[in-house]
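I set out to record what could be looked up in this structure, beginning with a single residue and ending with the overall form.

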Amino acid sequence: MSKISRIFSILRMYRYIIVIGLAVLFIGFVGENSYLAHIQHQSTIKELKREIAKNKAQYDKDTEQLNKMDSSMEAMRKVARERYFMKAANEDIFIIEE
């Protein structure tokens with residue numbers, strides 16, 4: 001019994017340090033609001049911001065092309081030929097695949 005009572009006396013003596021240590025471990029590594037989860041969320045946010053920037057650039061490019069197509073028939077013909085492989089009546093189209 002002396003070993004058990006000695007262990008309990010040590011635990012009573014350092015109880016505040018033990019509780020603080022357990023709280024720090026819980027906050028740092030366990031739970032959905034832990035520091036590790038915070039780091040993962042920050043990396044996800046950075047990745048989504050990069051994706052937003054990429055999509056905004058594509059949106060601006062497509063908007064500019066749409067405005068050109070609305071104002072010019074030649075731009076519409078160019079898009080039809082490049083993207084949809086349409087041709088004029090007196091043309092031949094050769095598609096080369098690599």
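This is a predicted model: local features need pLDDT of at least 70, side-chain atom pairs count only at pLDDT 80 or more; totals for chains, interfaces and linings use all residues.

Residues are numbered from 1 along each chain as its sequence is written, and side-chain values use heavy atoms, without hydrogens and water.

I placed Ser34 in the loop between α2 (15-29) and α3 (35-71); helices are DSSP runs (H or I, at least four residues), numbered from the N terminus. Leaving aside residues up to four places away in sequence, Ser34 touches Ile27, Gly28 and Phe29, where contact means heavy atoms within 4.5 Å. A polar atom of the Ser34 side chain lies 3.3 Å from the backbone nitrogen of Ala37.

I then turned to the whole protein. I counted four helices and zero strands, in the pattern α-α-α-α along the sequence. The radius of gyration is 33 Å, well over the 13 Å that the globule rule gives for 98 residues, so the protein is more spread out than a compact globule. I note that this radius is taken over C-alpha atoms, and that the rule is 2.2 Å times the number of residues to the power 0.38. Along the principal axes, the C-alpha atoms fill a box of roughly 105 × 30 × 15 Å. Of the 98 residues, 6% count as buried.

Technical notes
Helices (H or I, at least four residues) and strands (E, at least two) are DSSP runs, numbered from the N terminus. A polar contact is a pair of N or O atoms within 3.5 Å; within protein, one must be able to donate a hydrogen and the other to accept it, and residues adjacent in sequence count only if both atoms are side-chain atoms. Buried means under 20% relative accessible area, exposed over 50%, partly exposed in between (1.4 Å probe, protein chains only).
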